[in-house]
Amino acid sequence: MTVQHFTPEGMLHPVPYHHVAVGTGTKHVHVSGQIARQADGTPVAPGDLAGQVAQALRNTAVGLAGAGASFSDVLRLTFYVTRWSPEKIGDFMAGVEAVAEEIGLRLPMPPASLVGVEYLFEPDVLVEVEATALL
């Protein structure tokens, strides 16, 4: 196994991700910020945070697969969510949970950060996902 995820005793529980990832491979894979768009640019799930999280994760899975990786190789995920507030966590996690089995994303997730931003590059984009993997 090239990536081991864990949460040492004494770190905050419960959270929907592991706190630590240790990678032992030599090939780095960086998937740029993925959003809720089909390959032709058609928006997916306008105005729906859960739907956009799910599609952005699907697109991330496509990027990983293109490099010969999967979510089991992911060291870290970063989510950027527009106009974030803690009340949105239910919708956010609903999107993650809706697609996790389909794309092979184990829960709890790899180490992850959720960063609230005012605006992403287009007004209908609610979330962007970046991934770093090690093979």
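Phe79, Trp84 and Phe92 make up one aromatic cluster in this predicted model. Residue numbers start from 1 along each chain as its sequence is written. Local features need pLDDT of at least 70 and side-chain atom pairs pLDDT 80 or more, while totals for chains, interfaces and linings use all residues, and side-chain values use heavy atoms, leaving out hydrogens and water.

Searching the whole structure turns up two aromatic pairs. Rings of Phe, Tyr and Trp (its six-membered ring) pair if their centres lie within 6.5 Å; planes under 30 degrees apart are stacked, over 60 edge-to-face, and the rest tilted. Here they are:

| Pair | Centre to centre | Angle between planes | Type |
|---|---|---|---|
| Phe79 and Phe92 | 4.9 Å | 85° | edge-to-face |
| Trp84 and Phe92 | 6.3 Å | 85° | edge-to-face |

Helices (H or I, at least four residues) and strands (E, at least two) are DSSP runs, numbered from the N terminus.

How covered are these rings? Phe92 is buried, with a relative accessible area of 3%, and Phe79 is buried too. Trp84, at 27% relative accessibility, is partly exposed. Buried means under 20% relative accessible area, exposed over 50%, and partly exposed in between (1.4 Å probe, protein chains only).

Now for helix 1. This helix is mostly covered, with 13 of its 18 residues buried. After helix 1 comes Gly68, which has a positive phi, near 80°.
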